[in-house]
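Let's talk through the pockets of this protein together. Have the sequence and the structure at hand as we go.

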Amino acid sequence: MNFSNSIIQWYLKHKRDLPWRDTLDPYKIWLSEIILQQTRVEQGLPYYLKFTDAFPTITDLANASEDIVLKHWQGLGYYSRARNLHHSAQTVRDRFQGRFPSSYSEIISLKGVGEYTAAAIASFSYNLPHAVVDGNVIRVISRVFGVLDPVDSMFGLGEVKSIAARELDLERPALHNQAIMEFGALQCVPVNPNCRDCPLSGVCYAKKMEVVKEIPLKSKKTAVKNLFLYYAVVKYKNGLFVKRRDSEGIWKGLYDFPVLESETPILEEQVLSFFNKEYALSNQAVLTDISPAYRHLLSHRKIEARFFRFEVNNIPSFSLDKANWFSVDKILEKGVPRLIERYFEAINLYK
DNA sequence: AACGCGGGGCT
DNA sequence: AGCCCAGCGTT
């Protein structure tokens, strides 16, 4: 019994029932793959259901505004996925007459679709013989076949890709690809895999050499930097002044407030001075209070945020103009970072 | 080739 | 606290 047959046998017995496995619709398969990039199935599933409900076809998605798409994506993270999703829906609408492309080269030309996602769509939807290589596949192949080089290096990853292509079942690429990923997600898990009940334990290099804990080998470590956020929350009547984050970087496309960002702490006086300089707040707004620190952890940032709360009695003249004033109802229609969502919960904006 | 980009769950 | 997750785009 070869590798592919083994994992397919295992898959047919253990696979989960997931909605995107019940369809060949490339739109739905593409949508599921974008949602699942760097995201666990349990976390992405409700978003998949929400999106297919709100946008039944790719044209529905293309015709929506980016703000609405980002609102639906709120809380899932990596928001460039949502922006690229929307952009590519418009590409399909405008350049492919609303028909999702069916060749690998056209599929991978879509923004947000890389090698992994293109192989997934091409195989799942059109049964084309492209081997997927994601985190699961890297783990399974490096362990079973004994790839000892770092898999986050060009060389190590190249070895995994070469083995993945070699082992692909050309007669049933869709089934093979589903099987190897599910095997990685449920059986050959990152920590404490249950090798005792594994159908490959007899042929697995890592098991045989007792190096399961060391493979896959990774060399890079993610550096976590501090980020201090000082928000000006300016209240006017039944609303707040908000800003869309339009510059490159964290949370692009989402809404928050005028903010001073820094990698080091800033004194209150300096913060207030910044708000005055940038938004001319002193002449027009009254500082009512300053919130305690909100801590928010991201994979690459340790964030500490404080909210400086102001009130004004008329629309300020300078940077905080009418265009940025949103009633509470309007704010809740926009996508906001989880940090801001939690702030809204804390001040009872949701009620 | 290295880095930025979210959020959550598990150990 | 650290690791990982159905990765991709940019520099």
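Here are some questions and answers on the pockets of this predicted model.

Q: What makes a residue such as Leu-36 part of the lining of the largest pocket?
A: A lining residue has an atom within 4 Å of a pocket point. The largest pocket has 46 such residues, and Leu-36, Gln-38, Asp-134, Gly-135 and Asn-136 lie nearest its centre. The volume of this pocket is about 1500 Å³.

Q: Which helix gives the largest share of the lining of the largest pocket?
A: That is helix 11, with 6 residues. Among the elements that give two or more residues to this lining are helix 3 (41-54), helix 8 (115-126) and helix 9 (135-145).

Q: What makes up the lining of the second largest pocket, with its volume of about 700 Å³?
A: This pocket is lined by 23 residues, and the closest to its centre are Leu-76, Gly-77, Tyr-78, Leu-298 and Ser-299. They divide into 8 nonpolar, 11 polar and 4 charged. Helix 6 (80-95) and strand 7 (294-297) each supply at least two, and helix 6 gives the most, with 3 residues.

Q: Which domains does the lining of the second largest pocket draw on?
A: At least three lining residues come from each of domain 1 (3-214) and domain 2 (225-346).

Methods: Residues numbered from 1 in each chain as written. Chains lettered and ligands numbered in written order. Predicted model: local features only at pLDDT ≥ 70, side-chain atom pairs only at ≥ 80, totals over all residues. Heavy atoms only, no water. 1 Å grid on protein atoms, 1.4 Å probe; cavity = no way out; pocket = protein on both sides within 12 Å on 5 of 7 lines; lining within 4 Å. Points joined across faces, edges and corners; volume = space filled by probe spheres on them. Helix = DSSP H or I, 4+ residues; strand = E, 2+ residues; numbered from the N terminus. Nonpolar A, V, L, I, M, F, W, Y, C, P; charged D, E, K, R; others polar. Domains from an automatic or database assignment.
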